[in-house]
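Here is a short report on one structure. Look over the model first, then read on.

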Amino acid sequence: MQGAAPARIGAQTVWWALAVWLLLMVVAGLVAWVLYRTQVGANRSVTEVTQQRQIELAAQTIGSDLAAVRSDLLYLSDQPLLKHWLDTGAKPARRELAADYLDFIRRKHDYDQLRFIDTQGREKVRVNWNRGHPAIVPAGALQDKAGSYYVRDSLRLQRNAVYVSPFDLDVEHGKIESPPKPMIRFATPVFDSRGRKRGVVVLNYLGQRILDQLQRIGAQGAGAVWLLNDHGYWLLGPRKADDWGFMLPGRANMTFGHRYPGAWRAISSATAAGAIITSGGLFTYRKIAPSSSSAPVVGDGPAGGRRWILVGHVPPAVL
């Protein structure tokens with residue numbers, strides 16, 4: 001019986017030691033959990049700030065590009081060569097204007113077309129970039145664009161107002177060009193020396209430049225940078241097969257809202273900028289308009305166009 005007491009004392013000591021060890025493990029686990037949650041919160045905050053800066057950089061890049069196009073357009077609308085031709089109607093003056101347009105396109109590299117379209121919607125002077133081989137379009141190949149929404153809307157504008165079309169794919173002779181060519185059309189009315197509206201100057205801006213820059217910006221961060229139109233269609237999405245659903249056959253459901261309905265409900269009804277976390281990840285967004293403080297800008301069309309939406313996406317796995 002005397003040996004049983006030390007055995008009991010030894011067992012109690014072991015149990016106490018085990019209890020203390022378990023308590024220490026619980027405390028250590030709680031401390032580790034708190035540290036983990038703190039680190040996760042800090043990392044998420046850093047990710048959110050980084051994404052906000054990334055989207056701000058993307059917005060500034062787009063704004064800078066569009067401002068340069070508007071500057072070129074307003075210069076061309078007030079060009080002495082153009083006014084001289086409109087005042088005289090002389091064929092040599094038209095040839096001289098076309099040659100100047102050709103030189104402009106050859107040097108700029110940012111534009112697919114430069115045109116003067118009269119008040120009846122007829123192209124009178126046109127120069128094409130031709131994928132690096134710029135050329136003046138002969139008179140017999142000039143088109144009637146009276147039915148084009150961007151011509152109709154831009155002809156309604158007053159002096160120095162700038163029309164910006166939706167960001168879409170170029171259409172020639174009623175068909176989408178192949179391979180698809182992303183395009184934004186800028187137009188402004190032209191007046192002769194007597195103040196009469198005589199037509200519009202139209203610049204077709206090669207929109208792939210913007211998309212390429214957004215892809216480069218996205219590659220430098222934790223997530224992708226996407227561009228949507230105001231109906232939620234991808235202009236630049238996670239896959240090429242997602243893009244231009246409002247124009248290309250079989251892609252009518254290829255929208256941001258179809259893939260991320262919760263995020264789209266929040267973004268489409270929210271203010272100009274913000275961030276939201278859903279089961280789909282972190283979405284940082286900013287709504288932008290192709291506008292300018294120096295010249296009023298209007299724009300719309302069958303696929304929308306008054307606003308674009310920049311979206312930065314960090315997937316759940318990265319968070």
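Helices here are DSSP runs of at least four residues, numbered from the N terminus. The model is a predicted one.

## Asp72 in helix H1

Helix H1 covers residues 4-77, and Asp72 lies in it. Asp72 has a relative accessible area of 13%, so this residue is buried; the cut-off is under 20%.

The side chain of Asp72 makes a polar contact of 3.3 Å with that of Lys108. Beyond its neighbours within four places in sequence, Asp72 is in contact with Phe104, Lys108, Tyr111 and Leu203.

## Nonpolar cores

The largest nonpolar core holds 49 residues. Tyr101, Leu227 and Leu310 have the most contacts inside it. H1 gives the most to this core: 8 residues.

Leu310 touches residues including Ile55, Ile62, Trp226 and Tyr285. A second, separate core has 12 residues, among them Tyr260, Phe283 and Val311.

## Aromatic rings

The count of aromatic pairs is 17. In one of them, Trp85 and Phe116, the ring centres are 5.5 Å apart and the planes stand at 85 degrees, so the pair is edge-to-face. Trp85 belongs to helix H2 (residues 80-88) and Phe116 to strand E1 (residues 111-118), so the pair ties together parts 31 residues apart in sequence. Trp85 is buried at 10% relative accessibility. Phe116 is buried at 1%.

Phe256 and Trp264 also form an edge-to-face pair, 6.1 Å centre to centre with 70 degrees between the planes. Both are buried. Phe256 and Trp264 belong to one aromatic cluster with Trp226, Trp234, Tyr260 and Phe283.

## A charge over a ring

The charged end of Arg159 sits over the ring of Phe191. The distance to the ring centre is 4.3 Å.

Conventions
Residues numbered from 1 in each chain as written. Predicted model: local features only at pLDDT ≥ 70, side-chain atom pairs only at ≥ 80, totals over all residues. Heavy atoms only, no water. Helix = DSSP H or I, 4+ residues; strand = E, 2+ residues; numbered from the N terminus. Buried < 20%, exposed > 50% of the residue type's maximum accessible area, 1.4 Å probe, protein only. Polar contact = N/O pair within 3.5 Å; in protein donor to acceptor, adjacent residues only side chain to side chain. Contact = heavy atoms within 4.5 Å. Core = buried A, V, L, I, M, F, W, Y, C linked by side-chain atoms within 4.5 Å. Phe/Tyr/Trp six-rings, centres within 6.5 Å; stacked < 30°, edge-to-face > 60°. Lys NZ or Arg CZ within 6 Å of the ring centre and 35° of its normal.
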